[in-house]
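Hello,

Here is the structure I promised to pass on to you. Have a look at it first, and then read my notes below.

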Amino acid sequence: MIKTIGLFMVVFTLSAAQAQKVNPADYFSIEELKAAQTADEHNSLSEVEKQTIAVMNLARLYPKKFAREYLPAVVEKSERLKPGAAYEELIEELLSHKPGSPLLPDDFLYKHARTHAKDMGTSAKSGHNSSGGKTFIMRMAPMEKRYQGVAENCQYGFKDAAEIVVDLLIDKGVPSRGHRKNILDPLFNRVGVSFEPHKKFEFNSVHIFAAE
């Protein structure tokens, strides 16, 4: 079962890339991949967490190439991602989107993303409120004291970094395209990504974005 939830508010090395269903090295140069690998040296992160940040960065740094080459390849080889109106809309948006700066991994954001991903996974819940009753605003309070803006994406059911990111970018069923906006927002420059098991959806991924 796949589920995507988001609240919309005001790195792989080549060897890791080869583990992907679609190899980014077939579409991006070594220099481009290196620019996207901002989490490569963060040993506390798992490979899928590093790759998730890198794929988001590829979309931010090289939106046109991402739209023309990499995105169609990911969707074509995916068993669950399908072309449609939201997919076509995404391609058009990326083709007109100005290249931005990469997201940098942030330990403080990662700690909070991991807490929520583990909580949702063990409680079999979904959404932005904790299983103990903390609202999104309450959860974000510690981060809002340190950053100018905070947003969160949650994705359920995928285990492949490229599919996780592309699912959120397509944002099918979300009229505001809030997940997409969070990933591409040029104001955000920090991110915490956590990937954990989930009792109901098998996997869940939490991404917290912030403006330093």
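**Helix packing and salt bridges**

Helices α4 and α5 are roughly antiparallel to each other, a label used for angles over 145 degrees, while under 35 counts as roughly parallel, 65 to 115 as roughly perpendicular and the rest as oblique. A word on the source: this is a predicted model, in which local features need pLDDT of at least 70 and side-chain atom pairs count only at pLDDT 80 or more, whereas totals for chains, interfaces and linings use all residues. Residues are numbered from 1 along each chain as its sequence is written, and side-chain values use heavy atoms, with hydrogens and water left out.

Back to that helix pair. Helix α4 covers residues 63-77, and its axis lies 7 Å from that of α5, at an angle of about 155°. Axes here are lines fitted to C-alpha atoms, for helices over the stretch in contact, and angles run from 0 to 180 degrees between N-to-C directions. Helices are DSSP runs (H or I, at least four residues), as are strands (E, at least two), and both are numbered from the N terminus. On the α4 side, the contact (heavy atoms within 4.5 Å) includes Phe66, Leu71 and Val75, and on the α5 side Leu90, Ile91 and Leu94 are among the residues involved. By class, the residues of this contact are 11 nonpolar, no polar and 2 charged; Ala, Val, Leu, Ile, Met, Phe, Trp, Tyr, Cys and Pro count as nonpolar, Asp, Glu, Lys and Arg as charged, and the others, Gly among them, as polar.

Helix α4 also packs against α3 (residues 47-61), where the axes come within 5 Å and cross at roughly 110°. That makes α3 and α4 roughly perpendicular to each other. Val55, Leu58, Ala59, Arg60 and Leu61 of α3 meet Pro63, Phe66 and Tyr70 of α4. The residues of this contact divide into 7 nonpolar, no polar and 1 charged.

Now to the charged pairs. How many salt bridges are there? The count comes to 10, taking a side-chain nitrogen of Lys or Arg within 4 Å of a carboxyl oxygen of Asp or Glu as a salt bridge. One of them joins glutamate 89 to arginine 180, with N to O at 2.7 Å. Glutamate 89 belongs to helix α5 (residues 85-96) and arginine 180 to helix α9 (residues 178-184), so this pair ties together parts that are 91 residues apart in sequence. Arginine 180 is buried at a relative accessible area of 1%, while glutamate 89 is partly exposed at 33%; buried means under 20% relative accessible area, exposed over 50%, and partly exposed in between (1.4 Å probe, protein chains only).

Arginine 180 has a salt bridge with glutamate 93 as well, the closest N and O atoms being 2.9 Å apart. Glutamate 93 is in α5, so its link to α9 spans 87 residues in sequence. Another salt bridge pairs arginine 139 with glutamate 152, at 2.6 Å between the closest N and O atoms. Here helix α7 (residues 136-144) is tied to strand β3 (residues 149-156), and both arginine 139 and glutamate 152 are buried. Through shared partners, Glu89, Glu93, Arg177 and Arg180 form one salt-bridge network.

Finally, serine 130 sits in the loop between α6 (107-123) and α7. Serine 130 is buried, at 17% relative accessible area. Leaving out residues up to four places away in sequence, serine 130 touches His116, Asp119, Met120 and Arg139.

Best wishes
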